[in-house]
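Please look over the sequence and structure first.

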Amino acid sequence: SDLPDQEIPASDVCHIKDFNPDYNSAGTQLYGQSPLQAGFKVLTQNNEAATTGVKYLQNQMARGMLTNKDGNLNEVQATQLKQKFKDKYQGPENSGDIIITPANLEWVNFGLPASDLSLIEQYNASVKDLCNIYGVPVQLLNNTDSSTFNNMKEAKKSLYQNAVIPELIKIRDELNRWLVPKFGEDLYLDFDFSAVPELQDDMD
């Protein structure tokens, strides 16, 4: 940037931060700590589950190997055997059928089914943990495990009570401490939470 550096006096800055228990000589605690830092391993797990799932879909290898125990199957015969299995035993119409062959064959399984990787379960579990870090109900992120109408209604209410309102109150209190007195005494900044539809049931 061509603009010259400008030094802003500390008195002109309102520094709103979260509690940081990491006290050290470098003054890390002065900068606050993001909730995501506390859940960094959960975030890593979430990213790895998504990345592994993509790689698995891109690089699916053979499920296994059909081999002749006697070791006398040449390349042409192996190709013919593979084609025969495809033609006669694969497809929805052959589901659950049995295979009968006079050859002395052996199956070696080295493929890992996606269900054994539990990628979806790991991803969903990490999403729930990340939501818990910020106090956000997981149902609002299209998690449909228990998203009935009443649950969604309560989830939206919980979003305000456990995530939005506490964050607003933190900002409000700092502005009342730092900004509002500059405009005179007997002034107070606040929010009108009665305008939130999800909180109307509690108004009485």
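D18 counts as partly exposed, at 28% relative accessibility. The model is a predicted one. In it, D18 forms a salt bridge with K170, and the closest N and O atoms are 2.4 Å apart. D18 sits in the segment before α1 (35–38) and K170 in helix α6, so the pair ties together parts that are 152 residues apart in sequence. K170 is partly exposed as well, with a relative accessible area of 21%.

**Salt bridges**

The structure holds six salt bridges. Among them are two made by R172, one with D173 and one with D190. In the R172–D173 pair the closest N and O atoms are 3.0 Å apart. For R172 and D190 the closest N and O atoms are likewise 3.0 Å apart. The R172–D190 pair links distant parts of the chain: R172 is in helix α6, D190 is in the segment after α6, and 18 residues separate them. Salt bridges that share partners also join D18, E167 and K170 into one network.

How accessible are the residues of these pairs? R172 counts as buried, at 12% relative accessibility, because the cut-off for buried is under 20%.

| Salt bridge | Closest N and O atoms |
|---|---|
| D18–K170 | 2.4 Å |
| R172–D173 | 3.0 Å |
| R172–D190 | 3.0 Å |

**The chain as a whole**

The secondary structure comes to six helices and two strands. Along the sequence they follow the pattern α-α-β-α-β-α-α-α. The chain has 204 residues, of which 17% count as buried. It exposes about 15,900 Å². Carbon and sulfur atoms supply 53% of that area. Take the contacts between residues at least 6 apart in sequence: 58% of them join residues at least 24 apart.

**Confidence**

Mean pLDDT for the chain is 82. A value of 70 or more is reached by 88% of the residues. Which elements have the lowest and the highest mean pLDDT? Helix α4 (residues 114–117) has the lowest, at 61. Helix α6 (residues 149–178) has the highest, at 91. Where pLDDT is low, the predicted coordinates should not be read in detail.

**Helix α5**

Helix α5 covers residues 119–134, 16 residues in total. From its first C-alpha to its last it reaches 23 Å, close to the 22 Å expected at 1.5 Å a residue. Which residues of α5 are buried? They are L119, S126, V127, L130 and C131. These residues cover an arc of only 145° around the axis, which puts them on the same side of α5. The face turned away from that buried side carries the exposed residues E121 and N132. Just after α5 comes G135, with a positive phi of about 70°.

**K157 in helix α6**

Helix α6 also holds K157. Is this lysine buried or exposed? K157 is buried, with a relative accessible area of 15%. Setting aside residues up to four places away in sequence, K157 touches E198, L199 and D202.

**F85 in helix α3**

F85 lies in helix α3 (residues 75–89). With a relative accessible area of 19%, F85 is buried, because buried means under 20%. Its contacts, leaving aside neighbours within four places in sequence, are L66, Q90 and I99. F85 and I99 are 14 residues apart in sequence. In space the two are 8.9 Å apart, C-alpha to C-alpha.

**Recap**

Helix α6 is the element with the highest mean pLDDT. R172 lies in this helix and is linked to D190 in the segment after α6. K170, also in α6, reaches back to D18 in the segment before α1. Helix α5 has its buried residues on the same side, while E121 and N132 are exposed on the face turned away.

How values were computed
Residues are numbered from 1 along each chain as its sequence is written. This is a predicted model: local features need pLDDT of at least 70, side-chain atom pairs count only at pLDDT 80 or more; totals for chains, interfaces and linings use all residues. Side-chain values use heavy atoms; hydrogens and water are left out. Helices (H or I, at least four residues) and strands (E, at least two) are DSSP runs, numbered from the N terminus. The expected span of a helix is 1.5 Å times one less than its number of residues. Buried means under 20% relative accessible area, exposed over 50%, partly exposed in between (1.4 Å probe, protein chains only). The arc is that of the directions from the helix axis to the C-beta atoms. pLDDT is the predictor's confidence in each residue, from 0 to 100. A salt bridge is a side-chain nitrogen of Lys or Arg within 4 Å of a carboxyl oxygen of Asp or Glu. Contact means heavy atoms within 4.5 Å. Accessible areas come from the Shrake-Rupley method with a 1.4 Å probe; for residues, only the protein chains shown count as cover.
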